[in-house]
2 protein chains.
Amino acid sequence: MRMLEERILRDGIVMEKDVLKVDSFLNHQMDVSLFRAMAEEWYRLYADCGINKILTIEASGIGIACITALVFQCPVVFAKKTKTRNIAGDVYRTQVQSFTHNTCYDVIVSKRFLGPGDRLLLVDDFLANGAALSGLMDLSDMAGAQVIGAGIAIEKAYQPGGRLLRERGLRIESLARIARMDENGTMEFIS
Amino acid sequence: MRMLEERILRDGIVMEKDVLKVDSFLNHQMDVSLFRAMAEEWYRLYADCGINKILTIEASGIGIACITALVFQCPVVFAKKTKTRNIAGDVYRTQVQSFTHNTCYDVIVSKRFLGPGDRLLLVDDFLANGAALSGLMDLSDMAGAQVIGAGIAIEKAYQPGGRLLRERGLRIESLARIARMDENGTMEFIS
């Protein structure tokens, strides 16, 4: 998606250690008019798929997911990160590894909000190793919900998540796929 | 706001210990069409105030804030909760006490995204003791930004936050103000 790629080139900052900082428009300050354009692109791609719910993960996925839900005219459910191991048994629970923070955390979603009738679009801001997206697939499987596909803003295509999840059969529509980048200003997209 | 009050009466669940569970439409599963109606009500109330940015706090404020920003045609900034005491000095930082979880946490916002030119609407899902909202005011003050007012979905009006913050001069537009509630089905709103 040209608009997102141009925005990354203009406002994104490549840091050491393979970090792309897009906090001026995507995940700290948020440009909701950009989010709407992204949502409309996902709607164009998934319009005829009968999606009835958006599933995302806190925190930075929530804004994109809500704008997307407005375009799809359906509700959002966001999976919650938690450190509490034992709470009430009315949740689906899985583990997600964070490569950024080199830690593991549990994510949960209430059993009341995911079920066999659901046809889900998974939405998130980044796809790199695929841990978060994989966690959302686990929760969907536990609920018996059907995952129609994923809508990702930025995919680091040189990391394995996208390939591995597509091999598992997941349809992934990433709006900007970075082939490579470095601190000296190199940034190449896969079109 | 009648639509929100009716939704609380229909789908809200009063738990022991003064907890109102509205996770089926507000802060776990999210009804974005309701959020848009709420946003339009805030826009009606604040339309002529020159608001140029929405400030909220993760996680459950983000969805409401993004839909509100779409209506106001401005960006959102969300303050991040953090446990790390010392990170780079390019953030404003304050402490927020959580009465729900009986703990304290730091919230931060990047100095790049709040400044003297900003005229802010603070948005959050709940107002009870006012700790989160007060934290957002602190961050705004540090940045020299002007807080025009707050947009709150549900105010527990029998708790002191709303009164204390209004006494400090903050304009607060709460769309549902609960005068009292209990597990037996009592729920009274201040109109």
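Two strands count as paired if DSSP finds at least two bridges between them. Keep that in mind, because the cut-off of at least two bridges is what lets us call a pair of strands paired. One more thing before the details: this is a predicted model.

Start where the chains meet. Strand 3 of chain A, residues 29-30, is joined to strand 5 of chain B by two bridges, and these strands run antiparallel. Within that pairing, Met30(A) sits opposite Val76(B), a residue in strand 5 of chain B.

Now the contact as a whole. Chain A contributes 31 residues and chain B contributes 31 residues. Together the chains bury about 2700 Å², and 65% of that area is on carbon and sulfur atoms. Between chain B and chain A there are two salt bridges. One of the pairs in salt-bridge contact is Asp23(B) with Arg112(A), whose closest N and O atoms are 2.5 Å apart.

Which elements of chain B supply at least two residues each to the side that touches chain A? They are strand 3 (29-30), helix 2 (32-46), helix 3 (61-72), strand 5 (76-82) and strand 7 (103-110). Helix 3 of chain B gives the most, with six residues. Sorted by class, that side of chain B has 17 nonpolar, six polar and eight charged residues.

Lys53(A) belongs to strand 4, residues 53-57. Is Lys53(A) buried or exposed? Its relative accessible area is 9%, and the cut-off for buried is under 20%, so Lys53(A) is buried. The side chain of Lys53(A) makes a polar contact of 3.3 Å with the side chain of Asp118(A). Leaving aside neighbours within four places in sequence, the residues in contact with Lys53(A) include Cys74(A), Phe113(A), Leu120(A) and, from the other chain, Gln29(B).

Over to chain B and its strand 6, residues 91-98. Six of the eight residues in this strand are buried, so strand 6 is largely enclosed by the rest of the structure. Strand 6 of chain B is joined to strand 7 of chain B by eight bridges, and the two run antiparallel. As an example, Tyr92(B) has Val109(B) in strand 7 as its bridge partner. The hairpin of these two strands has four residues between the strands, and Asn102(B) takes a positive phi near 50° there.

Last, some backbone details, taken chain by chain. In chain A, a cis peptide bond joins Glu58(A) and Ala59(A), with omega about -5°. Ala59(A) lies in the loop between strand 4 and helix 3 of chain A. In chain B, a cis peptide bond joins Glu58(B) and Ala59(B), and omega is about -5°. Ala59(B) is in the loop between strand 4 and helix 3 of chain B.

Gln73(A) is not a glycine, yet its phi is positive, about 55°. Gln73(A) is placed in the loop between helix 3 and strand 5 of chain A, and it is exposed, with a relative accessible area of 73%. For Gln73(B), phi is near 55°, again a positive value in a residue other than glycine. Gln73(B) is in the loop between helix 3 and strand 5 of chain B and is exposed, at 72% relative accessible area.

That is the end of my part.

Notes. Residues numbered from 1 in each chain as written. Chains lettered and ligands numbered in written order. Predicted model: local features only at pLDDT ≥ 70, side-chain atom pairs only at ≥ 80, totals over all residues. Heavy atoms only, no water. Contact = heavy atoms within 4.5 Å. Buried area = accessible area lost by both parts, 1.4 Å probe. Salt bridge = Lys/Arg side-chain N within 4 Å of Asp/Glu carboxyl O. Nonpolar A, V, L, I, M, F, W, Y, C, P; charged D, E, K, R; others polar. Buried < 20%, exposed > 50% of the residue type's maximum accessible area, 1.4 Å probe, protein only. Polar contact = N/O pair within 3.5 Å; in protein donor to acceptor, adjacent residues only side chain to side chain.
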